[in-house]
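I opened my notebook to look up a handful of residues and helices in one model. Here is what I went through, entry by entry.

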Amino acid sequence: MDQGELRVFSPGDLDAPPRVVVWSLAEARQAVARARAAQPAWARRPLAERLALLLALRERFVAHEADFARWLGVEVGKPLWEGTQEARLLPNKIDVTLEQGLRLVETHRSEGFDGEWIYRPHGVMVVLGPFNFPVHLPNGHILPALALGNTVLFKPSELTPMVAELYARCFAEAGFPEHVFQVIQGERSAGAFLSGEAEVDGVLFTGSFGVGTAIARANAHRPGKILALELGGKNAGLIFADADLDRAAYQVAFGAYVTAGQRCSSTSRCLVERRVLGEIQVKLVELAKRARVGHFEDPQAFAGPLISARAKESYLTALGDSGAEALVAPEEAQVPGKRGHYLRPSLHRVATRVTGNRYQEQELFGPDIALYSFEDEAEAVRLANDTSYGLCASMFTSDRTRFERVARELRAGVINWNSPTVGASGRLPFGGVGNSGNHRPAGIFSSLYCAWPAAVSFGPSGPTPGAPAPGL
């Protein structure tokens, strides 16, 4: 499809009027041309001027905090407490970029040689955003890309168009030059065009493994295009018998059920030392049953709906084929006065690992925990690493030496001690291995894929007419 209308319903209130957004591939093509024309002047601006605009943008993010929280509730279903948390991450990323991120790409003088390496912008960058963190995750790419002299085309999820429009409004209010930052709305065909056909210099993507591999295939003949792909996870929380069991169970439940389980960092597997399995199971059952699911305006709601009917159906199908024992079965959550894609948290006990089972192997994006048991550290590591993904892991133990020993064996890009798999720090790299990405971690490292290094030598070197090379 080359053009059309997005008609987007709120997942937590299907009876509310839809948001309607017009889009076309023709507009996307024109936006690419505008970004290309604007990029040289933007890159020539002194860094101090670009950073001053980012600080002005920070003020607009803060001013619109409540607006962001509300649109995140309307379009994603996030309770206001969680939407406010995401809104507050926007100005925080500016602080992190200015205080730490840009240090990674400063001009570096070589010791013992008259030379240096400098960093240059790629040019025009496409950022493809997910629905679950529709401003925070794209923001983590967009800010360093702009700071380093790139122009940016932001294609939000077709499920979250209005929060992206609010995000773009902040740039306009901050005084950014025209066409340096643009939002391109559209169906998936618009994203496929921007990430594959369009003559751009980089694609920064957060989303599923399937879409990420499609982007990689579409650009296989363009080795000079930078791709940063963050592709999800099948994350494990490991609980050892010496842990604070109340804390461990609570943190695992939080990591699994927050955002209705729709985070790439969600805790989808809980691995428990066998001698405390019964205690943890009782605690997790209680936590799953008491978690409050509701509309985003409910101040007591912990989690909201799944994003769409299609997502809900796919998730429930995977649970139905799990072959696992349902300790807390999935069921519709009744939300007074609202009709939406609401589901209550579930918990399943997996007795036998089954190769090829979708429930055990794929990212499900729903509020569920698969509970496994292990006998010792070696089995815990084997189970944790028994996945094609490698994004996050958390470990609960009172013994820091054990944590450090086991962490060295885990195949994951983010490893947390006595804290959930969710909630990564922007002052550390965020990314994974295997099907979780292509070794372009975001977080503090995002500056590194937004510019390329060039080596500059100042001193004369090599053969000269006075000291020629043999044969010349």
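Leaving aside its neighbours within four places in sequence, which residues is Arg36 in contact with? I looked them up in this model, which is predicted. I found Gly123, Val124, Glu199, Val200 and Asp201.

**Entry 1: Arg36**

I placed Arg36 first. Arg36 sits in helix H1, residues 25-44. I then checked its accessibility. Arg36 has 34% relative accessibility, so I noted it as partly exposed. Next I followed its side chain. The side chain of Arg36 reaches the backbone oxygen of Glu199 at 2.8 Å. I also looked up a distance to Leu153. Arg36 and Leu153 are 117 residues apart along the chain. Their C-alpha atoms are separated by 10 Å.

**Entry 2: Asp201**

Asp201 was on the contact list of Arg36, and I turned to it next. Asp201 lies in the loop between helix H7 (188-197) and strand E8 (202-206). Its side chain makes a polar contact with the side chain of Arg36, at 2.7 Å. I listed the other contacts too, leaving aside neighbours within four places in sequence. Among them are His122, Gly123, Val124 and Met125. Gly224, Lys225 and Ile226 are also in contact with Asp201. Then I looked up Thr401, which is 200 residues from Asp201 along the chain. The C-alpha atoms of Asp201 and Thr401 are separated by 45 Å.

**Entry 3: H2 against H4**

I moved on to helix pairs. The axes of H2 and helix H4 (residues 80-99) come within 8 Å. They cross at roughly 155 degrees. Angles over 145 degrees count as roughly antiparallel, so H2 is roughly antiparallel to H4. The crossing of H2 past H4 is left-handed.

Which residues of H2 meet H4? I wrote down Leu51, Leu54, Leu55, Leu57, Arg58, Phe61 and Val62. On the H4 side they meet Leu90, Pro91, Ile94, Asp95 and Leu98. I sorted this contact by class. It has ten nonpolar, no polar and two charged residues.

**Entry 4: H2 against H6**

From H2 I noted Leu53, Ala56, Leu57, Arg60 and Phe61. They meet Tyr167, Cys170, Phe171, Glu173 and Ala174 in H6. By class, the contact has eight nonpolar, no polar and two charged residues. Leu57 and Phe61 turn up here, and they are also in my list for H4.

**Entry 5: Glu158**

I stepped into the loop between strand E6 (151-155) and H6, where Glu158 is found. Is Glu158 buried or exposed? Its relative accessible area is 17%, so I wrote buried. The cut-off for that word is under 20%. I then looked for its polar partner. A polar contact of 3.3 Å joins the side chains of Glu158 and Arg188. Leaving aside neighbours within four places in sequence, Glu158 is in contact with Leu6, Val8, Gly186, Glu187 and Arg188.

**Entry 6: two positive phi angles**

His179 is not a glycine, yet it has a positive phi of about 75 degrees. I found His179 in the loop between H6 and strand E7 (181-183). His179 is partly exposed, with a relative accessible area of 25%.

Thr259 is not a glycine either, and its phi is positive at about 55 degrees. Thr259 is in the loop between helix H9 (245-257) and strand E11 (267-273). Thr259 is buried, with a relative accessible area of 5%.

**Entry 7: Pro429**

I found it in strand E17, residues 429-430. At 33% relative accessibility, Pro429 counts as partly exposed. What does Pro429 contact, leaving aside its neighbours within four places in sequence? I listed Val414, Pro441, Ala442, Ile444 and Phe445. Ala442 is 13 residues from Pro429 along the chain. The C-alpha atoms of these two are separated by 5.7 Å.

Technical notes. Residues are numbered from 1 along each chain as its sequence is written. This is a predicted model: local features need pLDDT of at least 70, side-chain atom pairs count only at pLDDT 80 or more; totals for chains, interfaces and linings use all residues. Side-chain values use heavy atoms; hydrogens and water are left out. Contact means heavy atoms within 4.5 Å. Helices (H or I, at least four residues) and strands (E, at least two) are DSSP runs, numbered from the N terminus. Ala, Val, Leu, Ile, Met, Phe, Trp, Tyr, Cys and Pro count as nonpolar, Asp, Glu, Lys and Arg as charged, and the others, Gly among them, as polar. Buried means under 20% relative accessible area, exposed over 50%, partly exposed in between (1.4 Å probe, protein chains only). A polar contact is a pair of N or O atoms within 3.5 Å; within protein, one must be able to donate a hydrogen and the other to accept it, and residues adjacent in sequence count only if both atoms are side-chain atoms. Axes are lines fitted to C-alpha atoms, for helices over the stretch in contact, and angles run from 0 to 180 degrees between N-to-C directions. Angles under 35 degrees count as roughly parallel, over 145 as roughly antiparallel, 65 to 115 as roughly perpendicular and the rest as oblique. A crossing is left-handed if the near helix is turned anticlockwise from the far one by less than a right angle, and right-handed if clockwise.
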